[in-house]
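I opened a new notebook page for this chain. My plan was to go from the whole to a few parts.

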Amino acid sequence: NLCCASIYHLIIMPYKNNSNPNKLILNRYRIIKKIASGGMADVYLGMDLKLNRQVAIKILSANYANNKNFVERFKREAQILAKLNDPNIVAVHDWGKFDSSYFICMEYIKGQSLKEIIEKKGVINPKIAANYAIQICSALEVAHRNDLIHRDIKPQNILITPGGVVKITDFGIAKSLNTDITKTLNIIGTAHYISPEQAQGKILDCRTDIYSSGIVIYEMLTADIPFRGENSIDISLKHVSDMPLKPSKLISSIPIKLEKIVMHCLEKNPSKRYISANELKNDLQNFL
């Protein structure tokens, strides 16, 4: 089982404190066991003693607890998730300071990441892939309507419940369209899924998430990604200059209509992509 917490793509560093089972946070949340580790935080299965329900508790690593930038990012993720109320976005219940660090208490999801599903099962049926993609679009619609771009849409950040419900997580590097109107000085995101404009450090809008969603659909249909390289820079440059191989060249049974949707998402020029997650969702619904 995975929780609905962000697993960052930085180097993995174990959280050195608060790892003991049965530790109590704010006299309310009891830690049961560690269920995931990331570069910035560890995630625990916990129990909300007040409401008698399982929760996911994400605790900022002690390595970063004294770094204002990381603390601010952690705090902002909690605030962002708290206001994005949608069935396809992980819910945040609480957050605060804990034992010289910080925690976020979130909805606990029994399921797997989309990445795990692809790695275990391989190619996903086109109709199921389209259904997952529609739910991803629904989550992105809510984020974009709140003037937020996710900037790190990838299968690792997409959780699937046993009932097939998609949950988007990891808003740790989400960017506000209202306040963050300057260029991105550093390439932020995961190289295999970033848009050409993100790779170039250009000003971003919601269409960067459309591109990343296209990569995710591509991977669901083919169990592969369009661009590989020796390092992140090499991969990023391919997003900028190379044309992706059509999915049907890898899996001949992929419906042409769905392939056209994917390739429309993967246009190099943002102006040639879908203008919104809603427009992409409509085409996916028409395909089904």
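I began with the word buried, which means under 20% relative accessible area, with exposed over 50% and partly exposed in between, using a 1.4 Å probe and protein chains only. I also noted that helices (H or I, at least four residues) and strands (E, at least two) are DSSP runs, numbered from the N terminus.

Next I wrote down what I was working with. This is a predicted model, where local features need pLDDT of at least 70 and side-chain atom pairs count only at pLDDT 80 or more, while totals for chains, interfaces and linings use all residues. Residues are numbered from 1 along each chain as its sequence is written, and side-chain values use heavy atoms, with hydrogens and water left out.

**Whole chain.** I found nine helices and eleven strands. Of the 288 residues, 55% are buried. I then looked up contacts (heavy atoms within 4.5 Å). Among contacts with a separation of 6 or more, 65% are between residues 24 or more positions apart.

**Strand E6.** I picked E6, residues 101–107, and found seven of its seven residues buried. I then checked its partners; two strands pair if DSSP finds at least two bridges between them. Strand E4 (residues 53–60) runs antiparallel to E6, with five bridges joining them. In that pair, Ala 56 is opposite Met 106. Strand E5 (residues 92–98) is also antiparallel to E6, over six bridges. Here Trp 95 faces Ile 104. E5 and E6 form a hairpin with two residues between the strands, and Asp 99 there has a positive phi near 50 degrees.

**Helix H3.** H3 covers residues 126–145. I compared its span with the expected one, which is 1.5 Å times one less than its number of residues. The 20 residues reach 28 Å from first C-alpha to last, close to the 28 Å expected. I counted 15 of the 20 as buried. At the start of H3, a side-chain oxygen of Asn 125 comes to within 2.8 Å of the backbone nitrogen of Lys 127. After H3 comes Asp 147, with a positive phi near 60 degrees.

**Glu 219.** Is Glu 219 buried or exposed? Glu 219 counts as buried because its relative accessibility is 3%. I placed this residue in helix H5, residues 207–222. Leaving out residues up to four places away in sequence, I listed what Glu 219 touches, including Lys 115, Ile 118, Pro 155 and Tyr 193.

Notes:
A polar contact is a pair of N or O atoms within 3.5 Å; within protein, one must be able to donate a hydrogen and the other to accept it, and residues adjacent in sequence count only if both atoms are side-chain atoms.
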